[in-house]
Amino acid sequence: MDKQSFISRLLGRMTIPGFAAWSAAIATVIIFVGVWTIEQAYGALVEGKAWTDMSLPLWAIFVLLSASSAVAAVTAWFFAREFQNVLINFTRYLEVAQSDSTARLSNVSFVELRRLRSVVIRSVGKLRRDNEALRQTAYEDPRTGMPNLIALEEHIHKTLPRAKYETPAALIVLDLDNFTRSSERLGALASEALLKTCGERMSAALASLEGPVRNGLKDSMLAAMQADSFALYLPCAVSRDYVSNIARAIRLAFAEPFVVAGQSVTLGISGGIVIAPEDADTVHKLFRHAELALRQVRSDTGSGFRYFSPRLNRVARGKYMLEAELRDAVANREFKTHFQPKIDFMTGQVVGAEALARWIRPNGKIISPNTFIPLAEETGLVTQIGEQVLEAACESARIWMQEGFNATVAVNVSPRQFQATDLTETVLSILKRTGLPPNRLELEITESMAVSEPEKVARVMRPLRSLGTKLAIDDFGTGHSNLSILTQLPFDVFKIDRQFVSALESDEQAPAIIEMILAMAETLGLKTVAEGVETERQADFLRRRGCSMAQGFLYSSGLPHEAFMDFIRGWTSNSQSSRQKVS
């Protein structure tokens with residue numbers, strides 16, 4: 001810090017009137033002494049008087065000097081005090097003008113200050129408008145004009161401490177059903193208009209509630225959150241019955257379709273409900289538990305409302321633990337590839353196998369695919385698992401080829417993998433790395449994915465098909481088949497879903513469905529594979545109806561690489577022995 005001089009410290013302690021008084025006194029002394037000196041010099045040089053000759057006694061001169069200095073100091077102090085008051089009032093105005101729109105400065109005595117006042121008034125007004133706009137941006141959702149998540153969290157922070165077991169609060173996290181599909185059809189601008197209409201319809205439904213239930217809406221806030229989500233906070237929820245009636249009113253508000261941009265759109269709404277302080281005592285827990293309840297709705301029924309329960313928390317913790325273990329398993333390559341053989345009905349030979357992912361823990365425990373596949377899809381880890389399975393399958397198929405077995409390998413491609421922009425490059429890279437010819441690989445995708453994104457399927461498969469890689473529709477018959485689209489796609493194989501095969505002996509309609517699928521495949525010139533064949537009667541029916549291949553427990557379950565090799569050798573030997581006996 002710079003050291004201040006004595007004069008700076010002295011002036012720093014002075015007021016404006018004091019400084020003016022001292023300045024006026026000193027200036028008076030200097031002027032008086034200067035005039036007296038000029039007078040004496042004139043008398044001595046012009047009139048010949050002595051320097052010591054004075055017109056007044058020395059004491060009189062001193063009194064006159066003191067009186068002049070005092071008058072000058074008092075006069076300067078008086079005027080400076082008035083100036084100081086002007087500055088003080090102006091400073092106070094500047095301090096309060098930004099926050100108090102009624103602040104006024106009634107008396108400004110100087111032109112410069114009046115001009116400065118005008119500039120400050122305009123600047124403060126602009127700052128106030130800018131602050132209001134920033135506040136609106138910070139606390140208002142621009143799509144719907146409703147309070148946003150920040151405003152909702154602030155409101156919850158203020159009111160949540162008042163929630164008691166006798167007078168609980170409630171949070172309902174709301175999510176629109178099938179909004180993404182409607183948004184793709186409407187476009188961005190119409191989708192925002194639809195969101196705004198949804199908010200208005202919910203607000204109107206809440207405003208129309210009457211009777212005791214309306215007490216549950218006291219101090220409530222309906223807010224728009226990210227994407228197509230909303231939230232309703234009820235700081236005075238009163239009871240679960242009131243909350244249930246409010247949720248029912250919101251759900252009924254979506255019974256009628258919406259008309260946006262000349263199109264009719266039907267939407268539903270679902271919600272997760274949490275009661276405070278019974279099930280949550282912080283803002284974070286409120287949202288987390290409500291979202292857990294909403295997620296359970298999506299998992300169980302797809303749509304509706306559900307209250308949070310502690311069991312959901314235990315399920316979520318178990319899921320998070322499984323996700324952590326799943327990530328470790330991917331990093332440690334704990335996923336092994338098993339192979340279920342495909343048998344050609346015409347020749348009776350093993351002509352290929354489907355690669356199946358199996359999670360085998362270091363302790364030998366096997367995790368069911370029904371457990372880890374959905375979680376892998378949700379977390380995106382299915383892409384890495386799929387690549388590991390694909391590489392292992394191609395490596396095994398290359399060994400089969402070297403052993404002299406004419407068998408292809410089929411690998412399932414998940415929707416997540418197919419969404420990856422580098423799927424084609426990934427497959428080509430693995431084929432090159434493992435040395436497997438492309439015509440020995442078959443990729444399987446679900447029927448629903450093929451119908452929903454035919455252009456992407458064609459684009460991804462075009463370079464692979466040109467090299468001989470085959471494409472199969474998995475679980476055919478379970479989706480919404482579109483023959484006009486399927487005929488445009490480069491498929492080689494239809495895989496008949498196991499539910500139709502297993503129902504052959506119990507459902508009268510199953511044989512007709514399978515015959516229809518086989519006829520369609522024959523028309524398109526495609527091969528067919530029946531999944532889940534478990535009995536000889538099922539195999540005989542499929543063989544007589546012209547099915548190309550079968551796989552299932554009748555022949556074998558999924559086998560590790562070495563066990564599959566033994567199966568092929570044994571199957572081939574048995575087939576040769578049978579032919580020799582026949583000949």
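Strand S13, which spans residues 470–476 of this predicted model, is mostly covered, with five of its seven residues buried. On one side of the pairing scheme, S13 is joined to strand S12 (residues 441–446) in the parallel sense, over five bridges. Strand S14 (residues 493–496) likewise runs parallel to S13, and three bridges connect the two.

A search of the whole structure returns ten aromatic pairs. One of these is formed by Phe335 and Trp359, whose ring centres lie 5.5 Å apart and whose planes meet at 35°, so that the pair is classed as tilted. Because Phe335 belongs to strand S8 (residues 335–344) and Trp359 to strand S9 (residues 350–360), the contact ties together parts of the chain that are 24 residues apart in sequence. Phe335 has a relative accessible area of 7% and is therefore buried, and Trp359, with a value of 0%, is buried as well. A further ring, that of Phe372, is linked with Phe335 and Trp359 through ring pairs into a cluster.

A tilted aromatic pair is also formed by Trp400 and Phe564, with a distance of 4.7 Å from centre to centre and an angle of 45° between the planes. This pair links distant parts of the chain, given that Trp400 is located in helix H12 (residues 382–402) and Phe564 in helix H21 (residues 561–582), at a separation of 164 residues. Trp400 is buried, its relative accessible area being 0%, and Phe564 likewise counts as buried at 0% relative accessibility.

Arginine side chains are also placed over aromatic rings. Arg201 lies over the face of Phe258, at 3.8 Å from the ring centre, and Arg240 is positioned over the face of Tyr307, where the corresponding value is 4.7 Å.

With regard to cysteine, the structure holds zero disulfides. Cys198 has a relative accessibility of 0% and therefore counts as buried; Cys547, at 4%, falls under the 20% limit and so is likewise assigned to the buried class.

How values were computed:
Residues are numbered from 1 along each chain as its sequence is written. This is a predicted model: local features need pLDDT of at least 70, side-chain atom pairs count only at pLDDT 80 or more; totals for chains, interfaces and linings use all residues. Side-chain values use heavy atoms; hydrogens and water are left out. A disulfide is a pair of cysteine sulfur atoms within 2.5 Å. Buried means under 20% relative accessible area, exposed over 50%, partly exposed in between (1.4 Å probe, protein chains only). Helices (H or I, at least four residues) and strands (E, at least two) are DSSP runs, numbered from the N terminus. Two strands pair if DSSP finds at least two bridges between them. Rings of Phe, Tyr and Trp (its six-membered ring) pair if their centres lie within 6.5 Å; planes under 30 degrees apart count as stacked, over 60 as edge-to-face and the rest as tilted. A charge sits over a ring if NZ of Lys or CZ of Arg is within 6 Å of the ring centre and within 35 degrees of the ring normal.
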